[in-house]
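Visitor: Please pick one part of this model and take me through it slowly. I would like to see how its pieces are connected.

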Amino acid sequence: MLTSVWVNLDILFPRPPDVPRHVIETGLDLTGVVQGRLHGRFPSVDGDWYGIVDYEIGYADGRRDKLHLVDQLVPFHALRKRT
């Protein structure tokens with residue numbers, strides 16, 4: 001079953017607060033929330049849930065091309081159902 005979700009990149013790719021930032025203008029923008037499509041659900045041995053999600057990440061320079069990620073394992077706490 002395909003479910004539309006929001007993927008919180010800030011949760012998925014946390015940046016440690018004590019690491020200096022080195023801006024690469026053509027790099028991926030791993031912040032904010034992006035649209036995704038959840039198409040699988042799996043529990044871990046510890047009882048946490050993970051989704052199999054397709055989503056896209058944009059570039060910091062605003063180009064139209066995006067990095068298309070397919071069948072990514074994403075923890076449920078980084079997902080929210082789109083309505």
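Guide: Asp71 is found in strand 4. A strand here is a DSSP run of E with at least two residues, while a helix is a run of H or I with at least four, and both are numbered from the N terminus. This is a predicted model, in which local features need pLDDT of at least 70 and side-chain atom pairs count only at pLDDT 80 or more, whereas totals for chains, interfaces and linings use all residues. Residues are numbered from 1 along each chain as its sequence is written, and side-chain values use heavy atoms, with hydrogens and water left out.

Asp71 has a positive phi of about 55°, although Asp71 is not a glycine. Most residues other than glycine have a negative phi.

Strand 4 covers residues 67-75 and runs antiparallel to strand 3, with seven bridges joining the two. Two strands are said to pair if DSSP finds at least two bridges between them.

Strands 2 and 3 form a hairpin with five residues between them. In that turn, Gly47 has a positive phi of about 90°.

Strand 2 has a further pairing, with strand 1, which is antiparallel over six bridges. Here Ser4 has Arg37 in strand 2 as its bridge partner.

Arg41 is in strand 2 and Thr3 is in strand 1, which spans residues 3-8. Their side chains are joined by a polar contact of 3.2 Å. Such a contact is a pair of N or O atoms within 3.5 Å; within protein, one must be able to donate a hydrogen and the other to accept it, and residues adjacent in sequence count only if both atoms are side-chain atoms.

How covered are these two residues? Thr3 is buried, because its relative accessible area is 11%. Arg41 counts as partly exposed, because its value is 39%. Buried means under 20%, exposed means over 50%, and partly exposed lies in between, with a 1.4 Å probe and protein chains only.

The neighbours complete the picture. Leaving out residues up to four places away in sequence, Arg41 touches Met1, Thr3, Trp49, Tyr50 and Phe76. With the same exclusion, Thr3 touches Gly36, Arg37, Leu38, Arg41 and Lys81. Touching, or contact, means heavy atoms within 4.5 Å. Arg41 and Val74 are 33 residues apart in sequence, with 9.5 Å between their C-alpha atoms.
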